[in-house]
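Student: Hi! Could you walk me through this one before I set anything up?
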Amino acid sequence: MATLVVLTRETTGSVDVLPSLTLLDHRVRALPLAADSLVEPDAEVVVVDGRQELAAARALCQLARSTGLQLPLLLVLTEGGLAAVTPAWGCTDIVLTTAGPAEVEARIRLLTSLPPAEAPTTDVLEVGELVIDTAGYSARVRGQVLNLTYKEFELLRHLAQHPGRVLTRAQLLDEVWGYDYYGGTRTVDVHIRRLRAKLGAEHDQLIGTVRNVGYRFVLRPTVD
């Protein structure tokens, strides 16, 4: 018996996404098709619903890999979606929504027997139209380089590497500025405001505010 998390926008969970799962003896939990669901999911396999929202599924798979998630990703598709999938998506395996119980069981058995995935070696983090080159200390939106200071870049990188995770101002000071920084938390607010301005009106909402708590990076995949 394996533990699976199904990422979908269906309120019925796996019943419509992969009906054969309901006939198998696995622990299945449904979570939203969103970046927040990638934060330490308690599962052995992550099932991504790509039947209707290919762009969102692709962005989520790529984000999972670029942020170091090592769990197998099983992408569920219709026949029409097969032509769009490439290795760049980062999914471990694909399955049609119409697959029978025997096929689904075999795929899950193989996925749970895989050795742990190696950490990604890429230095590039892509989230929609935002591309962050962690080795080159640069960030681009729609190909245009953002004129970021060192701390602005470090703040953006840190938020993007922890999608959905709410970070308090004190945490950001500690993790970005360092434990020996003696400035106030107002510094974080100032840098967030500057970052949003440089991201522009179409992308500033990538950095979300959690009132009275702090900030988090919000995945907003683009639509093909």
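This is a predicted model: local features need pLDDT of at least 70, side-chain atom pairs count only at pLDDT 80 or more; totals for chains, interfaces and linings use all residues.

Student: Good. Where does Arg 142 sit?
Tutor: Arg 142 is in the loop between β8 and β9 (144–145). Its phi is positive, about 50°, although Arg 142 is not a glycine.

Student: Is Arg 142 buried or exposed?
Tutor: Arg 142 counts as exposed, because its relative accessibility is 51%. Here buried means under 20% relative accessible area, exposed over 50%, and partly exposed in between, with a 1.4 Å probe and protein chains only.

Student: And what about phi of Tyr 137?
Tutor: That one is also positive, near 50°, in a residue other than glycine. Tyr 137 belongs to the loop between β7 (130–133) and β8 (138–141). With 46% relative accessibility, Tyr 137 counts as partly exposed.

Student: Switching to helices: how many residues of α4 are buried?
Tutor: Nine of its eleven, so α4 is largely enclosed by the rest of the structure. Among the buried ones are Phe 153, Leu 156, Arg 157 and Ala 160.

Student: How do the axes of α4 and α5 cross?
Tutor: The axes of α4 (residues 150–160) and α5 (residues 169–177) come within 10 Å and cross at roughly 115°. That makes α4 roughly perpendicular to α5. Axes are lines fitted to C-alpha atoms, for helices over the stretch in contact, with angles from 0 to 180 degrees between N-to-C directions; under 35 degrees is roughly parallel, over 145 roughly antiparallel, 65 to 115 roughly perpendicular and the rest oblique.

Student: Which residues in α4 and α5 meet?
Tutor: From α4, Lys 151, Glu 154, Leu 155, His 158 and Leu 159 meet Leu 172, Glu 175, Val 176 and Trp 177 of α5 (contact means heavy atoms within 4.5 Å). By class, these are five nonpolar, one polar and three charged residues (Ala, Val, Leu, Ile, Met, Phe, Trp, Tyr, Cys and Pro count as nonpolar, Asp, Glu, Lys and Arg as charged, and the others, Gly among them, as polar).

Student: At what angle do α4 and α6 cross?
Tutor: Roughly 85°, with the axes of α4 and α6 (residues 186–199) coming within 10 Å. So α4 is roughly perpendicular to α6. Residues meeting there include Leu 155 and Leu 156 in α4, and Ile 192 and Leu 195 in α6.

Student: Now packing. How many residues has the largest nonpolar core?
Tutor: It has 48, with Leu 130 and Leu 156 making the most contacts inside it (a core is a set of buried Ala, Val, Leu, Ile, Met, Phe, Trp, Tyr and Cys residues joined through side-chain atoms within 4.5 Å). Helix α2 (residues 54–66) supplies the largest share of this core, six residues. Apart from it lies another core, of 16 residues, among them Leu 4 and Val 95.

Student: What is Leu 130 in contact with?
Tutor: Leaving aside neighbours within four places in sequence, Leu 130 has contacts including Leu 156, Leu 199 and Phe 217.

Notes:
Residues are numbered from 1 along each chain as its sequence is written. Side-chain values use heavy atoms; hydrogens and water are left out. Helices (H or I, at least four residues) and strands (E, at least two) are DSSP runs, numbered from the N terminus.
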